[in-house]
Amino acid sequence: AENIITMMYDDVPHSSENPFPGQLFNKPADTMAEANDVYASIKDHIDYKGEQVTADTYLKVITGDASAGGRVLKSGPEDNVFLYFVDHGGPGVLCFPGVKT
């Protein structure tokens, strides 16, 4: 999707604690045939991963700063932009991997 920029730390699919290496499921299923490996559809479309996922890079991406090193938001004053941010944080906290609060 050319209009989607994905930042994902990308540690879970290859974690030694993942019983399904290289796979990531979004909900339980009775059989593997019914399971939905969401990683399969996103893994080749991750724009920033691992150490690239920082607050600095995020700010560069959403402000259109090409020094981010990859794709950045190219929106104008008439565009609508949807940002979807998920992390483990808590109330009043927005966290990035490796950042101590």
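Is Phe82 buried or exposed? I found Phe82 exposed, with a relative accessible area of 71%; buried means under 20%, exposed over 50% and partly exposed in between, with a 1.4 Å probe and protein chains only.

**Ground rules**

I note that this is a predicted model, in which local features need pLDDT of at least 70, side-chain atom pairs count only at pLDDT 80 or more, and totals for chains, interfaces and linings use all residues. Residues are numbered from 1 along each chain as its sequence is written, and side-chain values use heavy atoms, leaving out hydrogens and water.

**Overall layout**

I looked up the secondary structure and got 2 helices and 2 strands, which follow the pattern β-α-β-α along the sequence. Helices (H or I, at least four residues) and strands (E, at least two) are DSSP runs, numbered from the N terminus. The C-alpha atoms fill a box of roughly 45 × 35 × 25 Å along the principal axes. I then checked burial: buried residues make up 16% of the 101 residues in the chain. For contacts (heavy atoms within 4.5 Å), I took those with a separation of 6 or more, and residues 24 or more positions apart account for 44% of them.

**Helix H2**

Which residues of H2 are buried? I listed Thr57, Tyr58 and Val61. They cover an arc of only 100 degrees around the axis, so they sit on the same side of H2; the arc is that of the directions from the helix axis to the C-beta atoms. As a reminder to myself, an α-helix has 3.6 residues a turn, so residues three or four places apart point the same way. The buried residues of H2 pack against S1 and strand S2 (48-49).

I looked at Thr57 in this helix on its own. Its relative accessibility is 11%, so Thr57 counts as buried. Leaving out residues up to four places away in sequence, Thr57 touches Met7, Tyr48, Gln52 and Ala68. After H2 comes Gly64, with a positive phi near 80 degrees.

**Another positive phi**

Asp10 is not a glycine, yet I read a positive phi of about 65 degrees there. Asp10 lies in the loop between S1 and H1 and is buried, with a relative accessible area of 12%.

**Leu73**

I found Leu73 in the segment after H2, partly exposed at 26% relative accessible area. Not counting residues up to four places away in sequence, Leu73 touches Ile5, Val61, Ile62, Gly64 and Val81. I also took a C-alpha to C-alpha distance: Leu73 and Val93 are 24 Å apart in space and 20 residues apart in sequence.

**Aromatic rings**

Rings of Phe, Tyr and Trp (its six-membered ring) pair if their centres lie within 6.5 Å; planes under 30 degrees apart count as stacked, over 60 as edge-to-face and the rest as tilted. By this rule I have 5 aromatic pairs. One of them, Tyr58 with Phe85, is edge-to-face, at 5.5 Å centre to centre and 80 degrees between the planes. Tyr58 lies in helix H2 and Phe85 in the segment after H2, so the pair ties together parts that are 27 residues apart in sequence. Tyr58 counts as buried at 16% relative accessibility, while Phe85 is partly exposed at 27%. Phe82 and Tyr84 make a stacked pair, 6.4 Å centre to centre with 20 degrees between the planes. Tyr84 is exposed, at 68% relative accessible area. I also noted one aromatic cluster, formed by Tyr58, Phe85 and Phe96.

**The largest pocket**

How much space lies in the largest pocket? I got about 1700 Å³, a volume being the space filled by probe spheres set on grid points that are joined across faces, edges and corners. On a 1 Å grid over the protein atoms alone, where a 1.4 Å probe fits, a pocket is an open set of points with protein on both sides within 12 Å along at least five of seven lines, and lining residues have an atom within 4 Å of a point.

The largest pocket is lined by 43 residues, and Thr6, Met7, Met8, Tyr84 and Val86 lie nearest its centre. Strand S1 (7-8), helix H1 (38-42) and helix H2 (55-63) each supply at least two lining residues. H1 gives the most, with 4 residues. I sorted the lining into 27 nonpolar, 8 polar and 8 charged residues; Ala, Val, Leu, Ile, Met, Phe, Trp, Tyr, Cys and Pro count as nonpolar, Asp, Glu, Lys and Arg as charged, and the others, Gly among them, as polar.
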